[in-house]
Amino acid sequence: MMDEERSNEKCESVTLSLMSEAVSAPTECEKRVCVFGTGDMGRSLGLRLLQAGYSVMFGSRRPQSCNFLPNGAQVLSHAEAAQAAHLIFIAVQREHYDFLVPLAYHLKGKVLVDLSNNLKKNQYPEANAEYLQSLVPEAEVVKGFNTLSAWALQNGPSDANRQVYICGDRAEAKQVVLAVATKLGFSALDRGSLSASRELEDFPLQLFPLWRLPMRIAVGLTAFFFFYLLIREILYAYITQGKDISFRIMVSLANRVCPIVSLIMLALCYLPGVLASFLQLYRGTKYRRFPDWLDRWMLCRKQLGLLALGFACLHVLYTLIIPIRYYVRFWATERTVTQIRQNGTNEFITSRAWHSDSYLSFGILGFGLYVLLGITSLPSVSNALSWREFSFVTETMILLRPSSVATRQFCPTRTNLEQ
Ligand code: NAP
C-alpha cells in the first residue's frame with residue numbers, strides 16, 4: 001500500500017512537471033487514465049483511450065460484475081481507480097455525483113473531466129461542472145468531451161465531429177485534457193474558465209441553431225412569392241377571364257417560386273460579405289466587431305447557400321417533369337391535330353433552336369457550378385482545398401452565374417413549356 005501511494009505521488013509530480021509540454025509524447029504515468037462509470041459513454045471513451053495507447057482503469061460501483069468492457073482495461077473500485085491515475089473522466093450522470101464526496105481525499109489535486117449533459121436547459125441552478133467543483137473543491141475540474149456522443153467516440157473523429165470544447169479554471173489541468181484530446185485525434189478548443197461550462201452543457205441541446213434564420217427566410221420568401229403568383233396568375237385569370245387554371249398551382253407555380261427563392265437566397269448568402277467589406281473600408285480597420293445583426297447573418301451564410309441549392313434542385317426536378325405533364329402532352333397533341341386539319345406546317349427557326357439550346361446548356365452549367373459550390377462548402381471537402389482553390393471555385397461561380405440568369409431572361413421557348 002505504501003509503495004502504491006509513493007508511486008502515485010511520483011506519478012502526480014511527474015504529471016505536473018510535464019503539463020506544460022502536455023502535447024508531447026505521454027510518459028508512463030500520464031498514460032494512466034481513469035474513467036468513472038461503465039455505461040455507454042464510459043465504455044466508448046475507454047475504448048478510444050486504449051486504442052490511443054493509454055492504460056485505462058475503470059472505477060465502478062460493482063467492479064466484479066461489469067460486462068462488455070473493452071479488452072485491456074482494468075476495473076477497480078472508485079477509490080482504487082482514483083488513486084491510480086491523475087486524470088479521471090467522470091462518465092456518470094450529475095444526479096449521482098454525491099458518490100464523489102467520500103472520495104474527496106483521493107481526488108485532491110487530480111484533474112476531473114466532467115462529461116455530463118442535461119436533458120433540458122437550466123435544469124439545475126448551476127452548471128454540472130461547477131456543482132462537481134463544489135463537491136470536490138480540491139480537485140481540478142475541467143468540462144469537456146460532453147459535445148461528443150458515445151457513438152462518435154467509438155467510431156473515432158470524423159470531419160463533422162472533430163471538435164472538442166473544454167473549459168476550466170486551471171490552465172495546467174486544461175493542458176492535460178487538451179493533450180489527451182489531441183492524442184485521440186480531436187482538436188480541442190479552449191472556451192475559457194469553468195463559468196463557461198453551462199454554455200458547453202447547452203451545446204448538445206441545441207437544435208440546428210444556425211439553420212433557424214435561413215429556414216425562416218426561406219419559408220417567408222416561399223410563402224410571399226407563392227401567394228403573389230397565385231393572385232397574379234391564377235386568381236386574376238379566373239376573375240377577369242373566368243378561366244380555371246388552378247391545376248397550375250402544383251407544378252407551374254411551384255416551379256416559378258423555386259428559382260426566385262433560390263436566387264434571392266444565393267444573393268443573401270453573398271450580400272453580408274460585401275456589406276462587411278464596405279463596413280471595414282468605412283471604419284478603416286478590420287479589427288472591430290461587426291454589429292450583431294451582421295455577425296448573425298455572416299454566421300449562417302453556409303446554410304443560406306445550401307438552402308439556395310436545395311431550391312435550385314427542386315427547380316431542376318420540376319423542370320425535368322414538364323414533358324410528362326398531362327397538360328403539356330395534351331397541348332402538343334392538340335397543336336399537331338390542328339396543323340393536320342389545317343394542312344399547315346411549322347417552319348423551323350434556327351435562331352429559336354439556338355436560343356433554346358443555349359438556355360438549356362447555360363442552365364445545366366449554372367446548376368453544375370451551383371452544386372460544385374454547395375459541395376465545396378461541406379467541411380470534409382473544404383478542408384481538403386487550399387484557400388486559393390476555394391476562392392477559385394467561389395469566384396468562378398459568381399462570375400458565371402449572371403450569364404445563366406441573363407440567358408433565362410431572353411429565351412422565349414421557356415414560357416411555352418412552363419405553362
Ligand atoms: P449510462 O449508460 O447510464 O451509464 C452511467 C454509469 O454511471 C453507469 O454505468 C454506472 O456505472 C454509473 N452510475 C450509475 N448510477 C450511479 C450511482 N448512483 N453512483 C455512482 N455511479 C453510478 O450513461 P452514459 O450514457 O454512459 O452517460 C454518462 C454521462 O456521460 C452522463 O452524464 C451523460 O450526460 C454524459 N454523456 C453521455 C453521452 C452519450 O452519448 N451516452 C454523450 C455525452 C455525454 P457503474 O455501474 O460502473 O458504477
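Predicted model: local features only at pLDDT ≥ 70, side-chain atom pairs only at ≥ 80, totals over all residues.
Colleague: Which residue of S5 does Ile88 stand opposite?

Modeller: In general, the strands of a sheet pair through backbone hydrogen bonds, and the pairing is either parallel or antiparallel. In this case, Ile88 stands opposite Leu112 in S5.

Colleague: What is the order of the strands in the sheet?

Modeller: The sheet is open and has 8 strands, in the order S3-S2-S1-S4-S5-S6-S7-S8, and its pairing is mixed. Strand S3 (74–77) and strand S8 (187–190) are the edge strands, each of which pairs on one side only. From one strand to the next, the twist averages 30 degrees.

Colleague: How many bridges join S1 to S2, and how many are there between S2 and S3?

Modeller: S1 and S2 run parallel and are joined by 5 bridges, with Val35 standing opposite Phe58 in S2. S2 also pairs with S3, again in the parallel sense, over 4 bridges, and there Met57 stands opposite Gln74 in S3.

Colleague: Why is S2 described as largely enclosed by the rest of the structure?

Modeller: Here the cut-off matters, since a residue counts as buried under 20% relative accessible area. Of the 6 residues of S2, 5 are buried, so the strand is largely enclosed by the rest of the structure. For the chain as a whole, buried residues make up 39% of the 419 residues.

Colleague: Which strands does helix H2 touch as it packs on the sheet?

Modeller: Helix H2 (residues 40–51) touches strand S1 (32–36), strand S2 (55–60) and S4, and its direction makes about 160 degrees with that of S2. Together, S1, H2 and S2 make a β-α-β unit that is right-handed. Helix H5 (residues 128–135), for its part, lies across S4, S5 and strand S6 (140–144), and runs at about 165 degrees to S6.

Colleague: How many helices and strands does the chain have, and what share of its contacts joins residues 24 or more positions apart?

Modeller: The chain has 17 helices and 8 strands. Among contacts with a separation of 6 or more, residues 24 or more positions apart account for 70%. As for its surface, the chain exposes about 24,100 Å², of which carbon and sulfur atoms supply 60%.

Key
Residues numbered from 1 in each chain as written. Heavy atoms only, no water. Pairing = 2+ DSSP bridges. Helix = DSSP H or I, 4+ residues; strand = E, 2+ residues; numbered from the N terminus. Axes fitted to C-alpha atoms, helices over the stretch in contact; angles between N-to-C directions. Contact = heavy atoms within 4.5 Å. Buried < 20%, exposed > 50% of the residue type's maximum accessible area, 1.4 Å probe, protein only. Areas by Shrake-Rupley, 256 points an atom, 1.4 Å probe, with all protein chains shown as cover. Right-handed = clockwise from strand over helix to strand, strands pointing away.
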